[in-house]
Amino acid sequence: MRVSVKKMTFLEEDRIFQNSSFFEVSDRSIITSIQLNEGFFVPAHPLWMILVPYGLYLTFASYLCPTTCLPSILPLAPLATFLGTSFPLLMGTLSAVAGSLHIGEAVQAWHLARNVYSLNSVTVSLWTLNVFFFGIFGFWPLAFPDLFYSVRDVYCAVPGASCFNV
């Protein structure tokens, strides 16, 4: 039995792909059907505003200067010093991954806030900085608005939490 297979050219494949229903769906409808207010902003909880930058400091300092930048009186500094002096490749890799994630998440937050949700320019800047400094703990309301709106009454009532134009 012989099976005949027709090879398609790149132009034919491209035409079929462009005519598919995939391009009929907008970016925003893939993420959520909720229309966010122009000034929608939910900063990271103050607890994360302390813990995340401190964790980043420990991570970067343990790789860059484990014996000079980490005084032993700081919480977890002896552990970071040990890891930085004993396993510099591990801490370098961890630092690079953490830095890359924070930069990548900030770029994604900028894209979502500006291009997908069309928030105002001040709010776009706030989201970008919030996510750059606090990572996923500042990003989740923008990245997962359906989830945020399902818990917003509880989350916004938590002491220290702030919610603007939700």
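Helices α3 (46-64), α5 and α7 (136-143) each supply at least two residues of the lining of the largest pocket. The model is predicted: local features need pLDDT of at least 70, side-chain atom pairs count only at pLDDT 80 or more, and totals for chains, interfaces and linings use all residues. Residues are numbered from 1 along each chain as its sequence is written, and side-chain values use heavy atoms, with hydrogens and water left out. Helices here are DSSP runs (H or I, at least four residues), numbered from the N terminus.

**The largest pocket**

The largest pocket holds about 200 Å³ of space. A pocket is an open set of points on a 1 Å grid over the protein atoms alone, where a 1.4 Å probe fits, with protein on both sides within 12 Å along at least five of seven lines; lining residues have an atom within 4 Å of a point. The volume is the space filled by probe spheres set on the points. The lining has 14 residues, of which Val52, Leu56, Ala98, Leu101 and His102 are the closest to the pocket centre. Helix α5 gives the most to this lining, with six residues. By class, the lining has nine nonpolar, four polar and one charged residues. Ala, Val, Leu, Ile, Met, Phe, Trp, Tyr, Cys and Pro count as nonpolar, Asp, Glu, Lys and Arg as charged, and the others, Gly among them, as polar.

**Helix packing**

Axes are lines fitted to C-alpha atoms over the stretch in contact, and angles run from 0 to 180 degrees between N-to-C directions.

| Helix pair | Angle | Axis distance |
|---|---|---|
| α5 (88-116) and α6 (121-134) | about 160° | 8 Å |
| α5 and α7 | roughly 25° | within 10 Å |
| α7 and α8 (145-157) | about 110° | 7 Å |

The angle between α5 and α6 makes them roughly antiparallel (over 145 degrees). Their contact (heavy atoms within 4.5 Å) involves residues of α5 including His102, Trp110 and Arg114, and residues of α6 including Trp127 and Phe134. By class, this contact has 11 nonpolar, two polar and two charged residues.

Helices α5 and α7 are roughly parallel (under 35 degrees). Glu105, Gln108, Ala109, Leu112 and Ala113 of α5 meet Ile136, Phe139, Leu142 and Ala143 of α7. These residues divide into seven nonpolar, one polar and one charged.

Helices α7 and α8 are roughly perpendicular (65 to 115 degrees). In this pair, Trp140, Pro141, Leu142 and Ala143 of α7 meet Pro145, Leu147, Phe148, Val151 and Tyr155 of α8. The contact of α7 with α8 has nine nonpolar, no polar and no charged residues.
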